[in-house]
Amino acid sequence: MAHAAAVAKPPRPPRRRRASATPRRLPYLLIAPAALLMLGFIAYPVISVFYYSLQNYNPTKPWRNGYAGFDNFTRIFTDDPLFWDTLVFSAKWVFVEVGLQLLFGLALALIVNQTFAGRALGRALVFSPWAVSGVLTSAIWVLLYNSQTGITRYLADMGIGDYGVSWLSDTSTVFPAVVVADLWRGVPFFAILILADLQSVSKDLYEAAEVDGASRIKQFWHITLPHLKDAIILSTLLRAVWEFNNVDLLYTLTGGGPAGETTTLPLYIANTSVDAHNFGYASALTTVAFVILLFCSMVYLRLSKFGGESK
C-alpha cells in the first residue's frame, strides 16, 4: 500500500474557467445609453436638414409645401445674389478675425509666459473675456458703441469726432467696430491654447541656442514656432469654423446691417428660416455651408500637414 501511495497520480489541476465576455463588453454597455442619446441629438437634426433641403417647406404657406428636388440648390447657385454676397463677406470675416486673433493671442501668450510680478493676475485678466458668454459680450459692446453714452460720446467731449455718431450705423466704420468687439472675446482662446503649448517647450533648447549665439528672433523662429505648429493649426481651424458660424454677436450688434454690410452666410440662413419661415431653402443653404466648411477644413489640414514633423 505504501508503494501504491508513493506512485499515486498527482491531483489534477483545476480547470481554467473560460473568460467571460461580459467584463470586456461592460465599458461599452455603460457608455451605450449616453452614446445613443448623443447620436439621437446629433443625427436627427442633421438628417432633418438634409431632408428639408429637398423640400419646399414654409409653415406660413402650406399650400406650397412639397418635394422640390434640387430646385433649392439650383436657386442658390443661379438665382440668389445674396448667397454669394454673404459667402464673400463670411470669408472676409473669418480671414480677418482669425488672423488678428492669432497674432494678438500669440503675443499675449508669449508675454504671460514670462516671469514677472503679478503674472497670475495678468493671466486671469487676459483669459477672462473668454469666460463671458456671447450674448453678454454683445450687450457690453452695444453699450460701448451707444452714440449717447458710449465711446463716441467721450471722444466727442475731447474734441475727437461729432456727437451722436454711431459706428454701427455707418457703412465705413461698422466692419472695424464689429471686428474689435469679436477680437476682445476671441483673442484669449488663442492665448490659452498657445500658452499651454509654450509651457511644454524644454528650457534646455533655449539655453543651448543662447550658447550658440542665437538671437531672440531666431529662437522664436526655429524653436518656439515649430513647437507651436500643431497647436496653431488646430486652434485656427476650430476658430475659423466658429467664426464662420458666428451669429449671436453680429445679430445683436448690427442685425446684419447697415444695408446688409455685416450679413454672413449663417446670419442669412437664420433670417431666412426664422424671419421668412422658409425652412426648406434655409436647409439647402445650411447643407451648402456644411459642404463648404468640410471641404475647406480637409484642404487646410492637408496643406498644413497637421500632425506631421516640422522640418
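I count two rings of Phe, Tyr or Trp (its six-membered ring) as a pair if their centres lie within 6.5 Å, and I call planes under 30 degrees apart stacked, over 60 edge-to-face and the rest tilted. By this rule I find 18 aromatic pairs.

Before going on, I note that this is a predicted model, in which local features need pLDDT of at least 70 and side-chain atom pairs count only at pLDDT 80 or more, while totals for chains, interfaces and linings use all residues. Residues are numbered from 1 along each chain as its sequence is written, and side-chain values use heavy atoms, with hydrogens and water left out.

**Entry: aromatic pairs**

I looked up Phe50 and Phe290, whose ring centres are 6.2 Å apart with planes at 65°, so the pair is edge-to-face. For exposure I take buried as under 20% relative accessible area, exposed as over 50% and partly exposed as in between (1.4 Å probe, protein chains only). Phe50, at 36%, is partly exposed, and Phe290, at 45%, counts as partly exposed too.

I then turned to Tyr57 and Phe279, a tilted pair with 6.1 Å from centre to centre and 45° between the planes. Tyr57 is in the loop between strand E1 (55-56) and strand E2 (66-67), whereas Phe279 is in helix H14, 222 residues apart. Tyr51, Tyr52, Tyr57 and Phe279 form one aromatic cluster.

**Entry: helix H14**

Just after H14, Lys305 takes a positive phi of about 55°.

From the unreviewed UniProt entry I took the feature "transmembrane region" at residues 26-54, 93-112, 124-144 and 279-301; UniProt positions are given in the numbering used here, feature names are shortened, and annotations may be inferred rather than shown by experiment. Over residues 279-301 the chain is 100% helix and 0% strand, with end C-alpha atoms 32 Å apart.

**Entry: the largest nonpolar core**

A nonpolar core is a set of buried Ala, Val, Leu, Ile, Met, Phe, Trp, Tyr and Cys residues joined through side-chain atoms within 4.5 Å. The largest one has 47 residues, of which Trp93, Ile194 and Leu265 touch the most other members. Among the elements that give two or more residues to this core are helix H8 (174-198), helix H13 (265-275) and helix H14 (279-304), and H8 gives the most, with 14 residues. Taking contact as heavy atoms within 4.5 Å, and not counting residues up to four places away in sequence, I see Leu265 touch Phe83, Thr86, Leu87, Ser90, Phe244 and Ala289.

**Entry: backbone between H12 and H13**

Most residues other than glycine have a negative phi, and most peptide bonds are trans. The peptide bond from Gly257 to Pro258 is cis, with omega near -5°, and Pro258 lies in the loop between H12 and H13. Ala259, in the loop between H12 and H13, has a positive phi of about 55° although it is not a glycine, and at 78% relative accessibility Ala259 counts as exposed.

Methods. Helix = DSSP H or I, 4+ residues; strand = E, 2+ residues; numbered from the N terminus.
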